[in-house]
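These are my notebook entries on one structure.

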Amino acid sequence: MNFLRKILFPFAFLYWLITFIRNWLYDIGALKSYSFDVPIIAVGNLSVGGTGKTPQIEYLIRLLSEKYRVAVLSRGYKRLSKGFVLADDQASANSIGDEPFQFYSKFPTIQVAVDANRKKGIEKLLQLQNKPEVILLDDAFQHRKVKAGFYILLTAYDDLFCDDFILPFGNLRESALGKKRADMIIITKCPQDLSELAQQNIKEKLQVKQPVYFTTIQYDDCVYGNENSMHVETLKSESKLLIAGIAKPKLFFDFLKSETDETIVFPDHHHFSKQDCEQILAKANGRKIITTEKDFVRLNGLLPNAQLYYLPIKAVFLNTNFDKAIEDYVGKSTRNS
């Protein structure tokens with residue numbers, strides 16, 4: 001732990017106190033939470049970024065969208081618009097944020113909206129003529145003004161919330177006591193060969209009563225551009241430039257990188273400027289530029305189509321009864337609404 005974090009320890013106690021009091025006021029009803037007559041699944045984490053929320057939301061979209069009208073509601077982090085925005089054919093990463101635009105681009109049959117005020121956002125969605133039957137709240141574990149019907153708490157395999165500390169001493173947005181609000185916990189980014197014994201050890205370490213599930217990241221066999229695609233194994237033999245503007249890019253780099261490759265790391269949700277693009281092209285020097293799917297929605301149109309590719313990912317569960325737990329909740333809630 002670096003020296004600056006140690007200096008900030010007293011501020012961590014103050015931050016803990018503020019978040020504890022806020023949660024307590026919601027728990028006793030002094031601050032009001034609003035419920036809605038529609039199944040609402042909130043996906044979030046206790047830590048700051050890098051737990052794999054986007055692949056998890058996409059998993060839920062694939063699971064539910066064939067049977068239900070699904071909407072995803074996000075705050076639209078770093079978007080240039082304000083208030084409630086429902087994605088349409090004029091939407092972009094700038095207008096609704098990179099992750100919501102990724103959802104909108106990949107899943108044209110669902111509704112995607114952004115609003116920093118989730119309560120107002122849900123009300124707007126439910127006023128639509130073709131209103132959703134299920135709402136997925138992206139990154140909303142701490143948004144307690146809305147009381148979701150089901151809470152999914154994510155924590156990364158190599159950065160469990162039980163090993164962390166509250167901001168600014170650590171990376172937790174609130175105390176680990178917040179785990180009690182979850183209906184289930186998902187350990188993300190696990191090794192594909194994680195044994196049942198190792199899974200059990202993690203469950204005991206977390207000290208939770210809720211069901212615990214384990215996922216791993218599955219990379220696509222190909223990278224994709226606007227003009228064509230290319231198999232990853234073929235790509236690995238080429239010298240290329242890898243770019244990432246995500247919270248934890250190590251897995252992405254490790255999967256693709258060969259000895260002759262170069263990398264550039266940008267901050268999470270980075271807005272790419274003209275100077276950034278000039279830097280990227282100069283460093284690529286004619287080579288292919290491979291980026292993450294989330295970065296591609298911001299870089300698309302700024303770099304040559306012939307050079308720019310992205311690598312899709314999916315969340316894959318190591319245990320198999322997750323789908324049933326979600327389908328049971330949504331099915332019961334839909335019948336009772």
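Entry 1: I located Ile18 in helix H2, which covers residues 9–27. The model is a predicted one.

**Entry 2: Asp27 and Arg144.** I noted that the structure holds 20 salt bridges. One of them joins the side chains of Asp27 and Arg144, with 2.8 Å from N to O. Which parts of the chain does this pair tie together? Asp27 lies in helix H2, whereas Arg144 belongs to the loop between strand S5 (134–138) and strand S6 (150–156), so the pair ties together parts 117 residues apart in sequence. I looked up the accessibility of both partners. Asp27 counts as exposed at 54% relative accessibility, while Arg144, at 12%, counts as buried.

**Entry 3: Asp98 and Arg298.** I found a salt bridge between the side chains of Asp98 and Arg298, again listed with an N to O value of 2.8 Å. This pair links distant parts of the chain, as Asp98 is in helix H5 (residues 98–106) and Arg298 is in helix H11 (residues 293–299), 200 residues apart. I recorded both Asp98 and Arg298 as buried.

**Entry 4: Lys288 and Glu238.** I looked up the partner of Lys288 and found a salt bridge with Glu238, in which the closest N and O atoms are 3.3 Å apart. Lys288 lies in strand S13 (residues 288–292) and Glu238 in the loop between helix H8 (232–235) and strand S11 (240–244), so the pair ties together parts that are 50 residues apart in sequence. Lys288 is partly exposed, with a relative accessible area of 21%. Glu238 is also partly exposed, with a value of 26%. I noted as well that Glu58, Arg62, Lys106 and Glu293 are joined into one network by salt bridges that share partners.

**Entry 5: The cysteines.** How many disulfides does the structure have? I recorded a count of zero. For Cys190, the nearest cysteine sulfur is that of Cys162, 13 Å away. A disulfide needs the two sulfur atoms within 2.5 Å, so Cys190 is in no disulfide. Cys190 counts as buried at 4% relative accessibility. Cys222 counts as buried too, at 18%.

Terms used
Residues numbered from 1 in each chain as written. Predicted model: local features only at pLDDT ≥ 70, side-chain atom pairs only at ≥ 80, totals over all residues. Heavy atoms only, no water. Buried < 20%, exposed > 50% of the residue type's maximum accessible area, 1.4 Å probe, protein only. Helix = DSSP H or I, 4+ residues; strand = E, 2+ residues; numbered from the N terminus. Salt bridge = Lys/Arg side-chain N within 4 Å of Asp/Glu carboxyl O.
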